[in-house]
2 protein chains.
Amino acid sequence: MSKFEERTIHRKTIFEGRIIDLYLDEVSLPNGKTSSREIIKHPGAVAVIAITEEEKILLVEQYRKALERTLIEIPAGKLEKGEDPRESAKRELMEETGYTCENLEHITSFYTSPGFANELVHIYQATGLKQERELQLDEDEFVSVMEVTYDEALNLVKEQKIFDAKTMYAVQYWQMLKQQEK
Amino acid sequence: MSKFEERTIHRKTIFEGRIIDLYLDEVSLPNGKTSSREIIKHPGAVAVIAITEEEKILLVEQYRKALERTLIEIPAGKLEKGEDPRESAKRELMEETGYTCENLEHITSFYTSPGFANELVHIYQATGLKQERELQLDEDEFVSVMEVTYDEALNLVKEQKIFDAKTMYAVQYWQMLKQQEK
């Protein structure tokens, strides 16, 4: 047991949704006092860094209701129940960009918001990219695919159109790859 | 108006908490159909990359109830209402590590989970670090401060003890700084 462990005294289910569930935990702290914790459960997600042979990265623009604006992000999506993250990454790449890949390498995984949510994102790098066919989208998914150079990606960061953790990580990863090439 | 905009038909407040609120939005999609969106509102957060003159980064280990485990993260905390992010970063650095800094540079900001939450994290780099005094913690905050070298940080990533977006970003940022020094 961790020295910091917060023991659950009581869990109240507030909401069970299509994507997230919300729980309110009453916890016992290491000092014996009690507190409450607001907890979001999320199935997890995958995201794909896909840089073409022309040195362009595949990005998708989509509306994010939580922000009331569009963002430009690397292709990503939530894990389906029981789905292998690698298969999910291939599926999302295909569905959102119309591209397949020959190789898919796991780069890293991270929790996006450990303070309140258990969402874990698995990041892959896809190489050997090939445009297979037109887009296949979920019924309520509206995205626009872009292929941008490294400098264009930096500009999108500056303009705050690229503005989310996984895509910022991807741009930084790309920057590192370029520095290593030098 | 964005071509992808999802117009709110109806918003239902499911939960208003200490840290997060949950809303269920019924939206009108660009194709005229309707769908629902589960939305978390969060006040935003700050995080600090603090590397000492001995080339060690300040990290804090704390229990994350959403994950039922501890994580090792860069010092961070949520924004208080109306608080300036820069002041918040100084405050969290002091509270969680006992260090003050001479300089605080804004590195980047990003949304952590744009698919369902509006949490925006502002990342700062602190330099001119000075250990001022013992820790000052909130009543229900139990953290343990660490100072680790770059190689130790990489090991913590490998061991999945460093395992969240902002800290992974910070380690990659440090890696980039080191490459640029060469």
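**Exercise 1. Find out which residues of α2(B) and α3(B) meet, and describe how the two helices pack.**

*Step 1: the residues.* On the α2(B) side, look for B:Y150, B:A153, B:L154 and B:V157; they meet B:M168, B:V171, B:W174, B:Q175 and B:K178 in α3(B). Contact here means heavy atoms within 4.5 Å. Helices (H or I, at least four residues) and strands (E, at least two) are DSSP runs, numbered from the N terminus.

*Step 2: the classes.* Sort the residues of this contact and you get seven nonpolar, one polar and one charged. Ala, Val, Leu, Ile, Met, Phe, Trp, Tyr, Cys and Pro count as nonpolar, Asp, Glu, Lys and Arg as charged, and the others, Gly among them, as polar.

*Step 3: the geometry.* Two packed helices are described by the angle between their axes and the distance between the axes. For α2(B) and α3(B), the axes come within 11 Å and cross at roughly 145°. Axes are lines fitted to C-alpha atoms, for helices over the stretch in contact, and angles run from 0 to 180 degrees between N-to-C directions.

*Step 4: the hand.* The crossing of α2(B) and α3(B) is left-handed, a label used if the near helix is turned anticlockwise from the far one by less than a right angle (right-handed if clockwise).

A word on the ground rules: this is a predicted model, where local features need pLDDT of at least 70 and side-chain atom pairs count only at pLDDT 80 or more, while totals for chains, interfaces and linings use all residues. Residues are numbered from 1 along each chain as its sequence is written, chains are lettered from A and ligands numbered from 1 in the order in which they are written, and side-chain values use heavy atoms, leaving out hydrogens and water.

**Exercise 2. Now go to chain A and describe the crossing of α2(A) and α3(A).**

*Step 1.* Take α2(A), residues 150-158, and α3(A), residues 165-181: their axes come within 11 Å and cross at roughly 145°.

*Step 2.* This crossing is left-handed.

*Step 3.* From α2(A), the contact uses A:Y150, A:A153, A:L154 and A:V157, and from α3(A) it uses A:M168, A:V171, A:W174, A:Q175 and A:K178.

*Step 4.* By class, that contact holds seven nonpolar, one polar and one charged residues.

**Exercise 3. Work out which residues of α2(A) are buried, and what covers them.**

*Step 1.* The buried residues in α2(A) are A:Y150, A:A153 and A:L156. Buried means under 20% relative accessible area, exposed over 50%, partly exposed in between (1.4 Å probe, protein chains only).

*Step 2.* Look down the axis of α2(A): its buried residues fall within an arc of 115°, so they line one face of the helix. The arc is that of the directions from the helix axis to the C-beta atoms.

*Step 3.* The cover over the buried residues of α2(A) includes β5 (57-64), β6 (69-73), β10 (143-148) and α3 of chain A.

*Step 4.* Turn to the face away from the buried side, and you'll find the exposed residues A:D151 and A:K158.

*Step 5.* A:E152 also sits in helix α2 of chain A; it counts as partly exposed because its relative accessibility is 40%.

**Exercise 4. Track down residues with a positive phi: where are A:E68 and B:Q160?**

*Step 1.* A:E68 isn't a glycine, yet its phi is positive, about 55°. Its place is the loop between β5 and β6 of chain A. With a relative accessible area of 38%, A:E68 is partly exposed.

*Step 2.* B:Q160, not a glycine either, has a positive phi of about 60°. You'll find B:Q160 in the loop between α2 (150-158) and α3 (165-181) of chain B, and at 41% relative accessible area it is partly exposed.

*Step 3.* In chain A, α2(A) is followed by A:Q160, with a positive phi near 60°.
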